[in-house]
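Please look over the sequence and the model first, then read the points below.

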Amino acid sequence: MFVPKVGNRPKNPIKLLRGLNHQQRITFAAAFMAWMVDAVDFFTVSLSATEVAAAFGKDVSDVTSAITATLMLRPIGALIFGILADRYGRRIPLMIDLALFTVIEIATGFSNSLTTFIALRAVFGICMGGEWGLGNALAMETLPHDSRGIFSGILQEGYAAGYLVAALIYYAAIPHLGWRALYWFSIIPAIIALILVYFVPETDVWRQNRAYATTNRKHLYQLTLEMLKKHWLRCIYAILLMAGFNFMSHGSQDLYPTFLKVQLGYSASQATVATVVMNIGAIIGGLLIGYLSEYYGRRTMIIWSCALGLCFLPLWMLPTSYTPLVIGAFFIQFCVQGAWGVIPVHLAELSPPGFRSTFPGLAYQLGNLISASAAQIEAVAGEQHKLPNGKPDYARVQMILLGVVFGFVIVLTMIGSEERGKDFMKADDQELNDTENMKDISATLDGQDSMEEGMGSKSPDSNPLSSHL
């Protein structure tokens, strides 16, 4: 079932990249930049934690609590901005989101206490949680069907690109201008993204779904209840899948530099080089696996990526020499982020009509919240299981956790479904109309039952729904 079977002959990826019209190029560039801005702003804290702690006379662990606050509030942002985007369009809420990014980053640079710093990062978490769903819906509803796979991979790896940009800003700004300038310079990509979004038109898919809600006088809570009644199992599945995916990424990334420096004794510069190399692997994996998912299937490529990742676990953790470790990190992130490259389009295609911003964004961020403890689990378990030399055994803990998560994602993906190549406008129109037709039939049945009860008889053959069974 999961052996790759080509439905259509793979197209030249260069032609796919060049095949977008002007509107599609601007729209995707805006979505990519917005997601990259998320990553740039998020990683500024982890990169500058030492400098911020020294400035406020606190421990580094006190500063990293800002990261926890950011992660905890991301689901709230996904819910708020997702509802706004599905109700009022993707463009305006995304512009508001990016404008708030800019204000928060400037204010963060002027923080005069750690309390203010953490509070601003908490508000940033709301903005960060809202962006992914907005940008993903905007991009996937605009792109051609046969280009979604490769652009899904590019879009998701905007996160890895954002980490690299944040690292470059850090090394350029910190030695000469201090940690505050890092936050001020990080508004540059946010402003560029804001300008791009200004010129992006609203998507036709959203216009159609909004017209349905207006014509049928549907309130948001009514649409939500109808969606949950029909798709509640899909919602739970998406959250569990995203929990697995986020455990996969956090479990392979967050503690890796610590493993290199503490357990193996490599320098901070060597750990930084390894981190850059593994992010390059992530970008390549996301592009390639996302592209192949268009022809071999979303689930198939996720499963193959996780299975290949299992094979690279020993090379990732067991060597003690530097070069094999870096090669292992490259291929692990190739596999992890290769699977992630399928997620933007996969969730967009699974989304119920009228919720293509809320559904993926909230599932993503709730899954991220569930997995927020991944690094802490690895750190505590590593410290409890020490090596003969007394150092924490982070390698064994990370291998076990990631192996279990790979298996979990494979099983969950196998039992799930996919809707590759889904025409959003046709599919949404059909499902919405089917829902209304079923309501009309139900109303007719109720009225007929009442009439028959009044006549004292009830014929089983009089059910007008029998022709539909």
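Helices here are DSSP runs of H or I with at least four residues, strands are runs of E with at least two, and both are numbered from the N terminus. The model is predicted. On that basis the protein chain has 20 helices and zero strands. Of its 469 residues, 53% are buried.

**Overall contacts**

- Counting contacts in the protein chain between residues at least 6 apart in sequence, 84% join residues at least 24 apart.

**Helices α14 and α15**

- Two packed helices are described by the angle between their axes and the distance between the axes.
- For helix α14 (residues 298–317) and helix α15 (residues 322–340), the axes come within 8 Å and cross at roughly 160°.
- Angles over 145 degrees count as roughly antiparallel, and α14 and α15 are therefore roughly antiparallel to each other.
- The crossing of α14 past α15 is left-handed.
- On the α14 side the contact includes Ile302, Leu308, Phe312 and Trp316, while the α15 side includes Pro324, Phe331, Ile332 and Cys335.
- By class, this contact of α14 with α15 has 15 nonpolar residues, four polar ones and no charged ones.

**Helices α2 and α7**

- Helix α2 (residues 22–56) and helix α7 (residues 158–177) have axes that come within 7 Å and cross at roughly 45°.
- The two helices, α2 and α7, are therefore oblique to each other.
- Their crossing, α2 with α7, is right-handed.
- Among the contact residues of α2 are Phe32, Trp35, Phe43 and Glu51, and among those of α7 are Tyr159, Val165, Ile169 and Tyr170.
- The contact of α2 with α7 divides into 17 nonpolar, three polar and one charged.

- Buried residues of α17 include Thr358, Phe359, Ala363, Gly367 and Asn368.
- The axes of helix α5 (residues 114–140) and α17 come within 8 Å and cross at roughly 140°.
- Helices α5 and α17 are therefore oblique to each other.
- The crossing of α5 and α17 is right-handed.
- Met128, Gly129, Trp132, Gly133 and Asn136 of α5 make the contact with Pro360, Gly361, Tyr364 and Gln365 of α17.
- In the contact of α5 with α17 there are four nonpolar, five polar and no charged residues.
- Pro360, Gly361, Tyr364 and Gln365 of α17 are also buried.

**Leucine 138**

- Leucine 138 lies in helix α5.
- Leucine 138 is buried, with a relative accessible area of 0%.
- Leucine 138 and arginine 90 are 48 residues apart along the chain, and their C-alpha atoms are separated by 6.2 Å.
- Apart from neighbours within four places in sequence, leucine 138 is in contact with Thr27, Arg90, Leu94, Val200, Pro201 and Thr203.

**Glycine 341**

- Glycine 341 sits in the loop between α15 and α16 (343–350).
- Buried means under 20% relative accessible area, so glycine 341, at 0%, counts as buried.
- From C-alpha to C-alpha, glycine 341 and isoleucine 284 are 9.7 Å apart in space, and they are 57 residues apart in sequence.
- Leaving aside neighbours within four places in sequence, glycine 341 is in contact with Gly149, Ser152, Gly153, Gln156, Glu157, Gly286 and Gly290.

Methods:
Residues numbered from 1 in each chain as written. Predicted model: local features only at pLDDT ≥ 70, side-chain atom pairs only at ≥ 80, totals over all residues. Heavy atoms only, no water. Buried < 20%, exposed > 50% of the residue type's maximum accessible area, 1.4 Å probe, protein only. Axes fitted to C-alpha atoms, helices over the stretch in contact; angles between N-to-C directions. Parallel < 35°, antiparallel > 145°, perpendicular 65-115°, else oblique. Left-handed = near helix turned anticlockwise from the far one by under 90°. Contact = heavy atoms within 4.5 Å. Nonpolar A, V, L, I, M, F, W, Y, C, P; charged D, E, K, R; others polar.
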